[in-house]
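Here is a short briefing for a first look. Please keep the sequence and the 3D view open while reading.

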Amino acid sequence: MNNNVITRFAPSPTGYLHIGNIRAALYSWLYAKKNNGKFFLRIEDTDLLRNNQKYIDYIFYVLEWLGLYWDDKPIYQSNRIDLYKEIILDMLNKNLAYKCYCSEKRLVKIRKYCLLNKLKPRYDNYCRDKNLNFKNKSYVIRFKNPLTGNILFKDLVFNKVKFNNSELNDFIILRSNGLPTYNFCVVIDDYYMNITHVIRGEDHISNTPKQINLIKYLNFYIPNYVHLPIILNEKGKKLSKRNSSSNIKKYLEYGFLPEAILNSLLRLGWSYKNNEIFHIHEMKYLFDLKNIKKSSCILNFKKLIWINKYYISKLSYNKIQLYFKNFLLFNNINISNINNISEIISYICYRSFLLKDISNFCLLFDDNYYLLKKNDLSKFDKDISIKILIFFKKKIFIISMWNIDNINKIIFELFKKFYFLNKNKIYKYLRFFITGKIVTPSISMIIFLLKKNKVIYRINYSIKKLFNN
C-alpha cells in the first residue's frame, strides 16, 4: 500500500451531480492537498444504457468551476472491462465466485417471501455450490460471500462498524449482459489506483463490508474508509437525487459563486471553532477528518444565499464580471443587445445576492424581454395610466442633463400633479409601464440607466398598448 495519501472522486455519468457528490469530492480533494497527496478522478461508466456524454462533460465543468482539479488523466471504467473480466474468470477458477442461472421470476419470488416473513431480502444461494455450467443459458456471476463470522472495520468518522456475514448477500459481480457491477469495480479500481482513503456518503456504508470481503479474498490491501453524514433538507428529510435542491445544476442556474458553494459544503458536517467563512487556502490548511461530525447535517438554502452575498460583496468587480460571463454562457442568456451593460452591472452587482439577480436586472434593459402582460395590464386604470405617461414623457423630453436628480425631480412633479394618488402607486405605474415588471429595484435608477430615447420608446409603446386594449 502506498504511504502517500491518494483519494478519488468517482461519479457515474448517469445524471447531474448533486450536493452529496460535490461534498465528497471537496473533502477528498482537501484531504489529499492537506497531506501533499494526489486526488484522482474516476468516471464509473459501466452502465451503458444510462451513460451520457453530456453528464461526463458536466462533471468536468463543475469540478473545474469549483477549482477541484484532479491529478493525471481521468480514469474510465469502460476502458477496464477486460481487466475486470480477467479477474472474475480467475475468481471462478479459484471457487471464489459462481455462475447463477436463477430466473428473474424466481428472484422475485424469493424477494416476496422475504418481505412477507419480515426478512431482509437476499439471494438464497441456490446455485452457490452446484458448479452449474449450461450452454446458451443466461447467467450472472456472484461472489461467494463468507457464510459465517463478521466484518469489523474502523471508519474514520463512525469509528468501529460491525456487520455479520450472515446478513450479507452473495452479490452479483458480473451481470448477464457481461458488464461488471459497482461493488466489484470499485474494489479493483481502488486497488490499481493505490487509493489510500475512500471518502463517500454514509449511504455507501452498507456496501463497505461486501467490498472488504472481496478485498480479503483477492488479497488486496484495505483502504481507510470515511463515510460522511447524511445531508437533510430544512424539513429534516433526506435529500433526494431527484430533488432540485440537491442538484448542483440548479445552483449554477441560480448563479451561486463557487466560493459560496465550497464554503457551504465544507460546513455540511465539518466545523472549526465557530468560524462561518473559510477561503480555499484556509480550507486546505485547517481541514481535518477528525472534525467531521457523525450526525446528519441540514442544507440551509437561506444561509447559502447569505454566504453568496458575502462573497459577491468581497470580490473584485473584474472577478464578478468573469463569473457573470460564465453564468450567462452556462444559462444561454444573451445580453449583447444592451449598449451600456458595464454601467448596469456596476450598479447592481454589489446589491445582488445571486448572479441571477444581476442577469434579471440586465434583462430589464433588453427590449426583447420587455413585455406588458395582459393580466398585469388589466390591474391599472387606463385613463390615469395614459395621463401619467403623457405627463412624464413631456417632462423627460425636455431634460437637458440626464441624471438621477433631474429624474427624481420629475417624479416629484408627478406626485404633485396626481396628488390624489398614493406615491407608491405612482411608482407602481412607472415601474410597470417602463419595465413590464411589477417589482424592480429603484425605478429612477432604471430610468436613468435606460437612457432617454429608450424610456420614450417604451412610454410610446405603453400608450399605444393602452389605447388598443
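The buried residues of α5 are Asn183, Phe184, Cys185, Val186, Val187, Ile188, Asp189 and Asp190. Buried means under 20% relative accessible area, exposed means over 50%, and partly exposed lies in between (1.4 Å probe, protein chains only). Helices (H or I, at least four residues) and strands (E, at least two) are DSSP runs, numbered from the N terminus. This is a predicted model, in which local features need pLDDT of at least 70 and side-chain atom pairs count only at pLDDT 80 or more, while totals for chains, interfaces and linings use all residues. Residues are numbered from 1 along each chain as its sequence is written, and side-chain values use heavy atoms, with hydrogens and water left out.

- Eight of the 11 residues of α5 are buried, so the helix is largely enclosed by the rest of the structure.
- Its buried residues pack against β1 (6-9), β2 (38-43), α3 (81-93), β8 (172-174), β9 (197-201) and α6 (208-217). Contact here means heavy atoms within 4.5 Å.
- Aspartate 190 sits in α5, which spans residues 182-192.
- Aspartate 190 is buried, at a relative accessible area of 6%.
- Leaving out residues up to four places away in sequence, aspartate 190 touches Arg8, Arg42, Ile195, Val198 and Tyr221.
- Proline 258 is 68 residues from aspartate 190 along the chain, and their C-alpha atoms are separated by 29 Å.

- Most residues other than glycine have a negative phi.
- Asparagine 36 lies in the loop between α1 and β2. This residue is exposed, with a relative accessible area of 73%.
- Asparagine 219 lies in the loop between α6 and β10 (224-228). This residue is exposed, with a relative accessible area of 68%.

**Nonpolar cores**

- A nonpolar core is a set of buried Ala, Val, Leu, Ile, Met, Phe, Trp, Tyr and Cys residues joined through side-chain atoms within 4.5 Å.
- The largest nonpolar core has 152 residues, and Met91 and Phe392 touch the most other members.
- Helix α1 (residues 19-34) gives the most to this core, with 10 residues.
- Apart from this core lies another, of nine residues, among them Ile110, Cys114, Tyr123 and Val140.
- Beyond residues up to four places away in sequence, methionine 91 touches Leu96, Ala97, Phe143, Ile173, Phe184, Leu214 and Leu218.

**The whole protein**

- The protein has 19 helices and 12 strands.
- Of its 469 residues, 51% count as buried.
- The radius of gyration is 30 Å, but a compact globule of 469 residues would have one near 23 Å. The value is taken over C-alpha atoms, and the globule rule is 2.2 Å times the number of residues to the power 0.38.
- Along the principal axes, the C-alpha atoms fill a box of roughly 95 × 50 × 40 Å.
- Of the contacts with a separation of 6 or more, 76% join residues 24 or more positions apart.
- The protein exposes about 24400 Å², and carbon and sulfur atoms supply 50% of it. Accessible areas come from the Shrake-Rupley method with a 1.4 Å probe; for residues, only the protein chains shown count as cover.
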